Amino acid sequence: MFHEPRPIMRDLNRTLNDAPLKGGELNAAVTSAIVGIHTNHLGRGPSSASTFHNENVVAVLMRDVMTQVEKTISRSGNGHAVSNMRHLYQQTMADEFKAAVERLTGRSVVAFISGNHVDPDIAVELFILDGAPGGD
Amino acid sequence: MAIAEQVPLKGGELNQALGSAVVGIYRVYLGRGPSSASTFHNDDVVVVVVRGVMSHAEKTLAHSGSGDDVTNMRQLLQQTMEADFRSAVERLTGRGVIAFISGDHVDPDIAVETFVLDGPI
């Protein structure tokens, strides 16, 4: 039985009238949003995540994102299959990722680039914005 | 002995050296470099963003609706350059690269090379 992903509650109430987040506060909010979307869609979140931004680029790194099944497949020498599947997951979540980053930064995402590394288990979500976040 | 081996680079100087190294490797392998590149690092992560990387032929394919094929080909090219990328980043940062994650975006034409190091720079 499939369940509809739950809405992301954190930062849901932010509006355009709120003061724009900046610096570490923005990084923390982006991390929470991306991890929340991951958790909603995949049933578990990463063991750790961090975000940093520089000018118009936002980078989110997540560690230990693979499920037990993916780890088992990876150990059997099929890491490429796991990478491909994770790439599909990330494409599926792309719209929500972009919407969250646009809401939090007040900027449009002009490019979303996602990548994975199997061992060590790290995923990266990169967002290229149409300008630096308003608060910075 | 290179200057980078004598005095560790840091801050913007390191970013500039990393960007130059990655662009140089692009040029060697692909015959041309990106139109622009920017690099930044935070703790144990280095991000290099390059723009204008596609050849005329790749742009033609992308415009004809074969963007996925172009992305796949660029992934293969980036994998081919990976050893040189890692080597350059390790030499300049003095750290080991434990993960190299590369990605592409067709329109706008942007590629990103992300290096996760074995410790902060």
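Within what distance do the axes of helix 3 and helix 4 of chain B come, and at what angle do they cross? The points below take up this question and then the rest of this predicted model.

1. Helix packing in chain B. The axes of helix 3 (residues 56-63) and helix 4 (residues 67-93) of chain B come within 7 Å and cross at roughly 145°. On the side of helix 3 of chain B, the contact is made by E58(B), L61(B) and A62(B). Helix 4 of chain B contributes G67(B), V70(B), M73(B), R74(B) and L77(B). By class, this contact has five nonpolar, one polar and two charged residues.

2. The sheet of chain B. Chain B has an open sheet of four strands in the order 1-2-4-3, with antiparallel pairing. Its edge strands are strand 1 and strand 3 (97-105) of chain B, and each of them pairs on one side only. On average, neighbouring strands of this sheet are turned by 15° against each other, direction ignored.

3. Strand 1 (residues 36-42) and strand 2 (residues 45-51) of chain B run antiparallel and are joined by seven bridges. Among the paired positions, H41(B) has V46(B) as its bridge partner, and T39(B) stands opposite V48(B). The hairpin has two residues between the strands, and D43(B) takes a positive phi near 55° there.

4. Helices on the sheet of chain B. Helix 2 (residues 11-30) of chain B lies across strand 1, strand 2 and strand 4 (110-117) of chain B. Helix 2 of chain B runs at about 135° to strand 1 of chain B.

5. Strand 1 and strand 2 (residues 57-63) of chain A pair in the antiparallel sense over seven bridges. Within this pair, S48(A) stands opposite R63(A).

6. Extent of the interface. Contacts link 20 residues of chain A with 20 residues of chain B. The two chains bury about 1600 Å² between them, 77% of it on carbon and sulfur atoms. F52(A), I113(A) and H117(A) supply 33% of the area that chain A buries against chain B, more than any other three residues.

7. The interface of chain A and chain B has one salt bridge. R63(A) forms a salt bridge with D44(B), with the closest N and O atoms 3.0 Å apart. On chain A, strand 1, strand 2, strand 3 and strand 4 each give two or more residues to the side that touches chain B. Strand 3 of chain A provides the largest share of that side, seven residues. The residues of this side of chain A divide into 13 nonpolar, five polar and two charged.

Notes:
Residues numbered from 1 in each chain as written. Chains lettered and ligands numbered in written order. Predicted model: local features only at pLDDT ≥ 70, side-chain atom pairs only at ≥ 80, totals over all residues. Heavy atoms only, no water. Pairing = 2+ DSSP bridges. Contact = heavy atoms within 4.5 Å. Buried area = accessible area lost by both parts, 1.4 Å probe. Salt bridge = Lys/Arg side-chain N within 4 Å of Asp/Glu carboxyl O. Nonpolar A, V, L, I, M, F, W, Y, C, P; charged D, E, K, R; others polar. Axes fitted to C-alpha atoms, helices over the stretch in contact; angles between N-to-C directions.
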